[in-house]
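This report walks through selected side chains and their surroundings. Keep the structure open while reading.

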Amino acid sequence: MSVPIDRRGAWCALTAFFIWGVSPLFFKALAWLPALEIVAHRVLWSVPLLALWIGWRQGFGVAAGVFSRPRLLALLCLTTMLTGCNWLLYVWAIVSGHTVEASLGYFINPLFNVALGALVLGERLRRLQWCAVTLAATGVIARVALLGHLPWIALGLAGTFGLYGLLRKRAPIDSVNGLFVETLLALPFAAGFLAWSASQHQLHGGGRGWGLLLIPLAGLVTTVPLALFAEGVRRLPLSTLGLLQYLAPTLQFVCAVLIFHEAFSIGQLGSFALIWTGLALYSWDAWRTLPRVA
């Protein structure tokens, strides 16, 4: 049986994907910083924002309880490692001029989510949705072939983010508290790296005056879409979430070609057209189920 779409989950997911889609504009503005330093600041500035939000809304009881539940804590350690690897690879790709390939990674990722949903969670697609997935998969395969080499950036981004979504869906904790624990687990590494860089006179964060204003915003760019995405993961089937996610790489692609002026050929445009057609078909079929949700 097909699964109806949860309205709140759908809007949370779409908002998250929109923010991620335009995030290359922010990270490109920080391109004078090393990628690892940007990621460290993402973690550092996310912790106080999440602490203020949780402290105001509900207190720290749920987050503190995680540390007395070894299995949940181990699961969140895994998700923390996956997000750390994903963040570093993504930021490096943006600041190094590989935004088109990064967008390819997030085009591949929804297909990876569909496979995980079917193989691990037993989710099923309707016939029209399978047609849409086939179109999108054909476009991704064509895009990979046109690159002429193994797209390790794209595959790395797709794999880490897909596994993160699966594990967070299975974690018995709400989205915001889970994200708070993840950032707390990453904080010692981020703070340690920044402290070591400062001691070696290799810290770039204060190198430009306007950077002092941009760097703290890394917390907002990080926490808001991740919290929304985690909420969407808990409310939507991975198969539906996977196809909605095409919004983010489409916007990333637009930023890469129209704003950053990265190279893009007519042949590559054909592969993306297949992907966009599949997305339109799947989205139309999926949104038809919305009236069945209370």
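Tryptophan 32 is buried, with a relative accessible area of 18%. The cut-off for buried is under 20%, so 18% falls within that class. The model is a predicted one. Tryptophan 32 sits in the loop between α1 and α2 (35-57). A polar atom of the tryptophan 32 side chain lies 3.4 Å from the backbone oxygen of alanine 29. Valine 95 is 63 residues away from tryptophan 32 along the chain, yet their C-alpha atoms are separated by 8.1 Å.

## Overall fold

The protein chain has 13 helices and zero strands. Its pattern along the sequence is therefore α-α-α-α-α-α-α-α-α-α-α-α-α. The protein chain has 294 residues, and 52% of them count as buried. Take the contacts between residues at least 6 apart in sequence: 89% of these join residues at least 24 apart.

## Aromatic pairs

A pair of aromatic rings is described by the distance of the centres and the angle of the planes. A search of the whole structure gives 14 aromatic pairs. One of them joins phenylalanine 17 and phenylalanine 229, a tilted pair with 6.0 Å centre to centre and 55° between the planes. This pair links distant parts of the chain.

Phenylalanine 26 is buried, at a relative accessible area of 13%. Phenylalanine 27 is buried too, at 2%.

Ring pairs also build a cluster. Its members are Phe17, Trp20, Phe26, Phe27, Tyr90, Tyr106, Phe161, Tyr164 and Phe229.

## Nonpolar cores

The largest nonpolar core has 59 residues. Phe17, Trp20, Phe27 and Phe229 have the most contacts inside it. Helix α4 (residues 70-95) gives the largest share of this core, with 12 residues.

What does phenylalanine 229 touch, not counting residues up to four places away in sequence? The list is Ala16, Phe17, Trp20, Phe161, Tyr164, Gly165, Leu241 and Gln245.

## Charges and polar contacts

Two charged side chains lie over aromatic rings, as the table shows.

| Charged residue | Ring | Distance to ring centre |
|---|---|---|
| Lysine 28 | Phenylalanine 260 | 5.0 Å |
| Arginine 42 | Tryptophan 87 | 4.5 Å |

Side chains of opposite charge can pair when their charged atoms come close. The structure holds one salt bridge. It is formed by the side chains of arginine 168 and glutamate 182, at 3.4 Å from N to O. The two ends come from distant parts of the chain, 14 residues apart. Arginine 168 is in helix α7 (residues 152-170), and glutamate 182 is in helix α8 (residues 175-199). Arginine 168 is buried, and glutamate 182 is buried as well.

Helix α8 also holds asparagine 177. Is asparagine 177 buried or exposed? Asparagine 177 is buried, with a relative accessible area of 0%. Its side chain makes a polar contact of 2.6 Å with the side chain of glutamine 58. Beyond neighbours within four places in sequence, asparagine 177 is in contact with Ile54, Gln58, Val62 and Ala63.

## Histidine 261

Most residues other than glycine have a negative phi, and most peptide bonds are trans. Histidine 261 has a positive phi, near 60°. Histidine 261 is placed in the loop between α12 (247-259) and α13 (266-287). At 62% relative accessibility, histidine 261 counts as exposed, because the cut-off for that class is over 50%.

Notes:
Residues are numbered from 1 along each chain as its sequence is written. This is a predicted model: local features need pLDDT of at least 70, side-chain atom pairs count only at pLDDT 80 or more; totals for chains, interfaces and linings use all residues. Side-chain values use heavy atoms; hydrogens and water are left out. Rings of Phe, Tyr and Trp (its six-membered ring) pair if their centres lie within 6.5 Å; planes under 30 degrees apart count as stacked, over 60 as edge-to-face and the rest as tilted. Helices (H or I, at least four residues) and strands (E, at least two) are DSSP runs, numbered from the N terminus. Buried means under 20% relative accessible area, exposed over 50%, partly exposed in between (1.4 Å probe, protein chains only). A charge sits over a ring if NZ of Lys or CZ of Arg is within 6 Å of the ring centre and within 35 degrees of the ring normal. A salt bridge is a side-chain nitrogen of Lys or Arg within 4 Å of a carboxyl oxygen of Asp or Glu. A nonpolar core is a set of buried Ala, Val, Leu, Ile, Met, Phe, Trp, Tyr and Cys residues joined through side-chain atoms within 4.5 Å. Contact means heavy atoms within 4.5 Å. A polar contact is a pair of N or O atoms within 3.5 Å; within protein, one must be able to donate a hydrogen and the other to accept it, and residues adjacent in sequence count only if both atoms are side-chain atoms.
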